[in-house]
Amino acid sequence: MAVLLEKSFPVEAGAYTTAGEASTTIKRTLKQLGISAEVLRHVSVACYEVELNLVIHSLGGTLTLLVDPEKVTLISKDIGPGIPDIDKAMTEGFSTANEEARTLGFGAGMGLPNMKRNATEFDIQSEVGVGTTITMSFALK
Amino acid sequence: MTVAEMAKLIDGTNLTPEAPKDREVSCGYTCDLLSWVMAHGAAGMAWVTVQTHMNVIAVASLMEMAAVIIPEGIEMEEPSLQKARDEEINVLSTKLTAYEICARLAAAGLPGKERDA
């Protein structure tokens, strides 16, 4: 499928104050493309959750937005540390977030399940010592 | 009810005069766990929280909420307010507790959010 738009956003580990900037830009971009309010909401929530995960858990990574006539795709790719047990990580209520994240009101163990709930298709691949890649797509029709 | 009407009802001070006061409020909600709000927030919501950092504004903006209400006279830091002004998110401050805010809004007929199926 022809890609109409592709944009990448670097996300820094531990950058709590700027967390959400990539998601806000992505939302604005999609709004300009005329994406429906409902799809926009699903993408926004999942995008913010995955961006926060990069800030809280990763050593840094990149968020990529792809738009084609059928769907919006978000790809989060980080440089580690990787998730030892994906099933456990996908369990609602399970979190390895640090104290700083918890003080801010994060780390309730709802991020990954919330992404899965909002995306049409959700895929997570992870290798300890290598990194994690999350691919989410949102159908436009 | 509009944000302006809601502000009056809870003796609220509007900290973001730039945001639209005629915005319609769809429902009320209170929670301080941002992860939870991300999963359960709704468009048009008036969200009561004691959290005041920048991520509060990011959540409110991404969820297209009508307003954030800070209870008990808690101050919101300037960078958060600046972000709220940029994003045109209403931030109201009041001396009332979260409980009193919700009680007044509910008494005035503002519903809670629709329950998830």
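The legends below describe close-up views of a predicted model.

Local features need pLDDT of at least 70, side-chain atom pairs count only at pLDDT 80 or more, and totals for chains, interfaces and linings use all residues. Residues are numbered from 1 along each chain as its sequence is written, while chains are lettered from A and ligands numbered from 1 in the order in which they are written.

**View 1. The open sheet of chain A has 5 strands.** The strand order is β1-β2-β3-β5-β4, with antiparallel pairing. Edge positions go to β1 (5-11) and β4 (121-127), each of which pairs on one side only. On average, neighbouring strands are turned by 10° against each other, direction ignored. Strands (E, at least two residues) and helices (H or I, at least four) are DSSP runs, numbered from the N terminus. Two strands pair if DSSP finds at least two bridges between them.

**View 2. β4(A) and β5(A) form a hairpin.** Strand β5 of chain A spans residues 131-139 and pairs with β4(A) in the antiparallel sense over 7 bridges. A:Phe122 stands opposite A:Met136. A:Asp123 has A:Thr135 as its bridge partner in β5(A). The hairpin has 3 residues between the strands, and A:Gly129 takes a positive phi near 85°.

**View 3. Helix α2 of chain A lies across the sheet strands β1, β2, β3 and β5.** The helix covers residues 37-57 and runs at about 5° to β3(A) (71-78). Axes are lines fitted to C-alpha atoms, for helices over the stretch in contact; angles run from 0 to 180 degrees between N-to-C directions. Contact means C-beta atoms, placed from the backbone, within 7 Å.

**View 4. A:Thr17 sits in the loop between β1 and α1 (21-32) of chain A.** A:Thr17 is partly exposed because 15 other C-beta atoms lie within 10 Å. Buried residues have 20 or more such neighbours, exposed ones 12 or fewer, and partly exposed ones fall in between, with C-beta atoms placed from the backbone. A:Thr17 and A:Val55 are 38 residues apart in sequence and 9.8 Å apart in space, C-alpha to C-alpha.

**View 5. The largest nonpolar core has 66 residues.** Such a core is a set of buried Ala, Val, Leu, Ile, Met, Phe, Trp, Tyr and Cys residues joined through C-beta atoms within 7 Å. B:Ala67, B:Val68 and B:Ile69 have the most contacts inside it. The largest share, 11 residues, comes from α2(A). Not counting residues up to four places away in sequence, B:Ile69 touches several residues, including B:Ile10, B:Trp47 and B:Leu92.

Definitions and conventions: Contact = placed C-beta atoms within 7 Å.
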